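Visitor: I'd like to go through this one term by term. Could you show it to me and then say what each label rests on?

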Amino acid sequence: MDAPAAMVINTTTTPFPATPSFFSKSRPVFTLLQAHKRNIPFSKPIKCTHQNPSKPNSLSCSALISFSPSETAQLLPSKLRHLSREFQSLAEPVERVKRLLHYAGLMPQMEDSGRVDRNRVMGCTARVWVEVRLDDEGKVRMAADSDSEVTRGYCACLVWALNGSEPEVVLKVKTEDLLGLNVGLGSSGTGRSRVNTWHNVLVSMQKRTKQLVAEKEGKEPFEPFPSLVVSADGLFPKGTYAQAQAKYLFPNESQVNELVKVLKEKKIGVVAHFYMDPEVQGILTAAQKQWPHIYISDSLVMADTAVKMAKAGCQFITVLGVDFMSENVRAILDQAGYNEVGVYRMSNERIGCSLADAAATPVYMEYLQAASNSAPSLHVIYINTKLETKAYAHELVPTITCTSSNVVQTILQAFAQVPDLSVWYGPDSYMGANIKELFLQMTHMTDEEIAAIHPEHSLDSIRSLLPRLHYFQDGTCIVHHLFGHEVVEKIKEMYCDAFLTAHLEVPGEMFSLAMEAKRRGMGVVGSTQNILDFIKDRVQESLDRNIDDHLQFVLGTESGMITSIVAAVRSLLDPTKSSSQGSKVTVEIVFPVSSDSISSTSSNSPSSPHSVQLGDITLPVVPGVASGEGCSIHGGCASCPYMKMNSLDSLLKVCHHLPDKENKLAEYNAERFKLQTPNGKSVADVGCEPILHMRNFQAAKKLPEKLVDQILHLQDNGRSM
C-alpha cells in the first residue's frame with residue numbers, strides 16, 4: 001500500500017483507521033484518519049481489482065487522496081500514534097514479533113540494484129538498505145529492505161508512515177517520535193538493537209531526503225571532511241589533512257631503530273598522551289614492538305604506567321604531554337617510593353594547557369571560596385590540572401580528582417553518600433554544562449532506568465541534586481572549544497547516519513548531537529579511552545557478523561587519537577587474527593575539521609606569515625596549509641598546539657643526553673615541588689591526596705571515609721588536611 005497521497009483501501013463491512021494492519025487479512029481497515037469522515041475528496045474514483053490472482057475473492061480498492069502539505073504534516077504524527085497503539089495493544093512480545101514478520105512478508109523485496117553498499121544503513125545488527133527519491137510532485141518516495149525478517153517489518157512500518165510525504169514533514173520527525181513504537185521485544189541487548197533500527201533507518205532516510213532537496217534547489221553540496229579509510233589491505237587517506245595524518249603511520253625504520261637502541265641502552269621508559277603528533281606516535285607505536293616500556297594513553301594512566309616501568313627497572317621516564325602530566329608522573333613516582341627515577345619533559349619552554357591554566361587563576365580560587373562557604377561541599381576537579389592547583393583547592397574545599405570517564409559516577413556517588421551535599425565541578429565549563437544537561441535528561445527517565453546508571457538514585461534524588469550541582473563557567477580546552485556550530489551543522493548534513501564520537505569536553509551542541517547518536521546505539525560521549533573502546537567494539541561486532549561492511553566514525557576529539565585508533569583497527573582487521581571468514585570490513589575515520597587549519601602558541605611567539613590573531617594568542621596555520629584543511633576559530637580544531645611541542649627531535653635529544661651529568665637538561669627535568677601550601681604543607685603531598693581519593697573511589701566504588709570526614713567536619717578555611 002502507498003502512503004497518504006496514493007492510498008490503497010481494503011474495503012470491509014466496518015471502517016477502521018489504517019495502520020500497517022491494512023496489510024492484514026484478518027483486520028478490517030479503512031483510510032488513515034477515516035478520511036471519509038473528514039470529507040476529504042478523492043481526486044480520482046475508487047478502482048477495485050483482484051488483489052491476489054490465486055484468491056479470486058480478494059479485492060483491493062485504490063484511490064488517490066490529495067493532501068496539502070499542512071494536512072500531510074497532521075497525518076504523519078497520527079500514523080505514528082496508530083502504529084504505537086497497534087503494537088501496544090499486543091500484550092505478548094511474541095505477538096508483536098509475529099505482526100512485524102507479517103508486515104515483512106507483505107513488503108515488496110528491493111531489486112538487487114538497490115541492495116548495494118551506498119544504500120546500507122549503519123548501526124543495524126542486520127544488513128539494511130534504504131532508497132529515497134523525489135517524485136515529479138516533489139514528494140518523498142522510499143523503499144527499504146533487510147536480510148532480517150524482523151528488521152524488514154520495522155522498515156515496512158517506517159516506509160508506510162513516511163512514503164509520499166512532503167520532504168519538510170519527513171525531516172521534522174524526531175527519533176523521540178518513535179519511542180512509542182518500541183515493540184517491546186525485551187530489555188536484552190538484542191531488543192535494544194532492534195529498537196535502534198527504527199531510529200537509524202529514520203536518520204538514514206532523512207539524510208538522503210535532505211541531499212535530494214538540496215540537489216533539487218541547486219545548492220552546492222558540503223565538501224566532505226577529510227578522512228582515513230582503514231582496511232585489511234592498507235590505509236587510504238581522503239584529503240591532504242588525512243594524508244598528513246597517515247604519512248607517519250608507516251615510520252622511518254632507521255628512526256625507530258635509533259630510538260629503540262638508546263631506550264634499551266639507558267633503560268628509559270616513555271609515557272605519551274593520545275594527542276601526540278602523528279609522527280611521534282608512529283615512531284613510538286613501531287618501537288613498542290622492540291621495547292615494552294613505551295605506552296600511549298590518557299593522562300591518568302600515564303602516571304600509573306610510569307610506576308610500573310620504574311618497578312621493571314627503568315631509570316628514567318620521558319613524558320610526552322603537557323607540563324601538568326610530567327608533574328603528576330613525578331609526584332606519583334615519589335609517592336610510590338621511586339625518588340631516584342628521573343622524569344623529563346620534552347621542551348625547555350613551558351608546555352601549557354588552556355584548561356589547566358584556567359584553574360590556576362584568582363577567578364577559580366574565588367569560585368572555590370564560595371564553595372568553602374557552602375557546607376557541606378565537595379570540589380570535583382578534572383585530573384587535567386596542575387598539582388599546585390589541586391593542593392591549593394584541597395585546602396579550601398575537600399577535593400577529589402576525576403577523569404572524563406568517571407566524573408558522572410563520582411558526582412552521583414558523592415550525592416548518594418553525603419546528605420545535602422553541594423558539588424562544585426571545575427574547571428572545564430563544557431564538561432560541567434554537559435554533566436548538568438545529562439542529569440536533566442535523567443529527569444525524563446524512569447526509576448529503573450536511573451538505577452541502571454547508579455543504583456542509589458531515583459527520579460526524586462536526581463531532581464533534588466540539580467540545584468546543588470555547580471560548575472565553573474570560565475574554563476575550556478582550546479581543542480574541544482573549537483568543535484562549534486560550523487562543524488556541527490556539517491555533521492548533521494553529511495554524517496548524521498555515521499557513528500559519532502565526542503569527548504566530554506566538547507561544546508554543548510556537539511555534546512547533544514553525540515548524545516542523540518548514543519541513545520540509538522550510534523555514538524559515545526566520554527574519555528579518549530572510551531572513544532577508542534567504542535570504535536574497537538563496533539569493529540569487532542561487524543567482524544563477528546561475518547558480512548561485508550563499511551563503518552564510518554566521526555572523531556570528535558584531538559586528531560592525535562588516530563594513531564592508536566588505526567593500530568587497534570588494523571590489528572582487528574588482520575586476516576590472521578580476524579574472526580570473519582572472507583568478509584570485507586572497512587573503517588573510515590572522519591576528521592571534523594574546518595576550512596582553515598590553525599593552532600595556538602604562546603602570546604610571546606612571533607607571528608608567522610600564515611597566522612591569525614585571537615586576542616593575545618597568535619594562531620599560526622598548522623598542517624594542511626596548502627590545502628586549507630585543519631581547524632579554525634569557527635569550529636572543529638583537530639590538533640592541540642601544546643601537545644605538538646613534544647617532537648621526535650626533542651625525545652631523541654633528551655634520551656641521548658641521559659644521564660645528564662653535565663646538567664644540559666636542567667630545563668627539561670620535571671623537578672619536585674618545593675613549594676608549600678598556605679597552611680605550610682608540601683604542595684606535592686597535599687596535591688596528591690585528591691588523586692589518591694579518586695583511586696580509592698575507583699577501587700571501592702564509594703568515597704573514602706577520610707574524604708567524607710573532611711566534607712562533614714573540616715569546613716573552616718584553615719583546616720588541617
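Visitor: Where do the values come from?

Guide: This is a predicted model, where local features need pLDDT of at least 70 and side-chain atom pairs count only at pLDDT 80 or more, while totals for chains, interfaces and linings use all residues. Residues are numbered from 1 along each chain as its sequence is written, and side-chain values use heavy atoms, leaving out hydrogens and water.

Visitor: What makes S6 mostly covered?

Guide: Five of its five residues are buried.

Visitor: How do you know which strands S6 pairs with?

Guide: Two strands pair if DSSP finds at least two bridges between them. S6 (residues 227-231) has five bridges to S7, running antiparallel, and four to S19, also antiparallel. Val229 has Phe236 as its bridge partner in S7 and Glu588 as its partner in S19. S6 and S7 make a hairpin with two residues between them.

Visitor: What is the whole sheet like, and which strands are its edges?

Guide: It's an open sheet of six strands in the order S7-S6-S19-S18-S16-S17, with mixed pairing. S7 (234-238) and S17 (523-526) are the edge strands, because each pairs on one side only.

Visitor: What packs on the sheet?

Guide: Helix H22 (residues 561-573) does, touching S6, S7, S18 and S19, where contact means heavy atoms within 4.5 Å. The direction of H22 makes about 25° with that of S6. Such angles run from 0 to 180 degrees between N-to-C directions, with axes fitted to C-alpha atoms, for helices over the stretch in contact. Helix H21 (residues 528-545) lies across S16, S17, S18 and S19, at about 175° to S18.

Visitor: Why is the pair of Tyr364 and Tyr367 called tilted?

Guide: Rings of Phe, Tyr and Trp (its six-membered ring) pair if their centres lie within 6.5 Å; planes under 30 degrees apart count as stacked, over 60 as edge-to-face and the rest as tilted. These two have centres 5.5 Å apart and planes at 40°, so the pair is tilted. They sit three residues apart in helix H12 (residues 362-372), about one helical turn.

Visitor: And why is the pair of Tyr364 and Phe472 edge-to-face?

Guide: The centres are 4.8 Å apart and the planes make 85°, so it passes both cut-offs. Tyr364 lies in H12 and Phe472 in the loop between S15 and H18, so the pair ties together parts 108 residues apart in sequence. Phe472 counts as buried at 4% relative accessibility, and Tyr364 is buried at 0%. Ring pairs link Tyr364, Tyr367, Trp424 and Phe472 into a cluster.

Visitor: What makes the buried residues of helix H19 line one face?

Guide: Val487, Val488, Lys490, Ile491 and Met494 are buried in H19 (residues 485-494). Seen down the helix axis, the buried residues fall within an arc of 165°, so they line one face; the arc is that of the directions from the axis to the C-beta atoms.

Note on methods
Buried < 20%, exposed > 50% of the residue type's maximum accessible area, 1.4 Å probe, protein only.
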